[in-house]
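Please look at the model first.

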Amino acid sequence: MKTKSFLITVLIILSGILNVNSVFAQDNTDNVTLNIKLNPIQTIQVNPNQKTVDIVYYEIDDYQNGVSAFRENHLQVFSTGGFAVTVKSDSDNLTSENNTNKIDAKDITVIAAREPDDDRNEVFTEVALGPSEGTLIASDKGGRDLKYNVTYNNELSEEEDKYLNLYDKDANNIFTTEVTYTIIAN
């Protein structure tokens, strides 16, 4: 009987060991799915030191030919993919506080450029200001810290002396409009 009890006890112990080994022998690996999720980011910033652009008429030739204002590194762009930068003015005219005269916004064209000129396939288009957006820069690639030079061109090639009689001795003679740059996915 003792032998029989002993054998039963050994069988129970062996059965327990085999069951424990089969539990440990089951899945000893597992998986996880890793995702990288990219979200679009696009920013545009006007150089903080260039928030005001003055086109100043100082000389006789200025009234005959017009004046341009060049701003180096005027715009900075970050984009996670292709993009377009548009530009527009807040109205059809530049107006003065106390001068009843107006200057057509379309008299000013905005021109952008960037150096160094790498193979970004950027397209630069001269845009006449007005309340409708015009595409200034188009790129099929994104980029970090892209800096663009901008020229505000008020050269009067078609109509000399256009502003000659706009000066009012009793007014401040500063004609203003707000210019807005917008970046969109391309």
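Ala84 stands opposite Ile184 in strand 11. The model is predicted, so local features need pLDDT of at least 70 and side-chain atom pairs count only at pLDDT 80 or more, while totals for chains, interfaces and linings use all residues. Residues are numbered from 1 along each chain as its sequence is written, and side-chain values use heavy atoms, with hydrogens and water left out.

**Four-stranded sheet**
- Strand 3 (residues 83-89) and strand 11 run antiparallel and are joined by 7 bridges; strands (E, at least two residues) are DSSP runs numbered from the N terminus.
- The order of this open, antiparallel sheet of 4 strands is 7-9-3-11, where pairing requires at least two DSSP bridges between two strands.
- Its edge strands, each pairing on one side only, are strand 7 (123-124) and strand 11 (179-185).

- Strand 1 runs antiparallel to strand 2 (residues 66-79), with 5 bridges between them.
- Ile44 has Val77 in strand 2 as its bridge partner.

**Largest pocket**
- The lining of the largest pocket comprises 29 residues, and Val53, Asp54, Ile55, Leu94 and Phe175 lie nearest its centre.
- Strand 11 contributes the most to this lining, with 3 residues.
- Strand 10 (143-155) and strand 11 each supply at least two lining residues.

Key: 1 Å grid on protein atoms, 1.4 Å probe; cavity = no way out; pocket = protein on both sides within 12 Å on 5 of 7 lines; lining within 4 Å.
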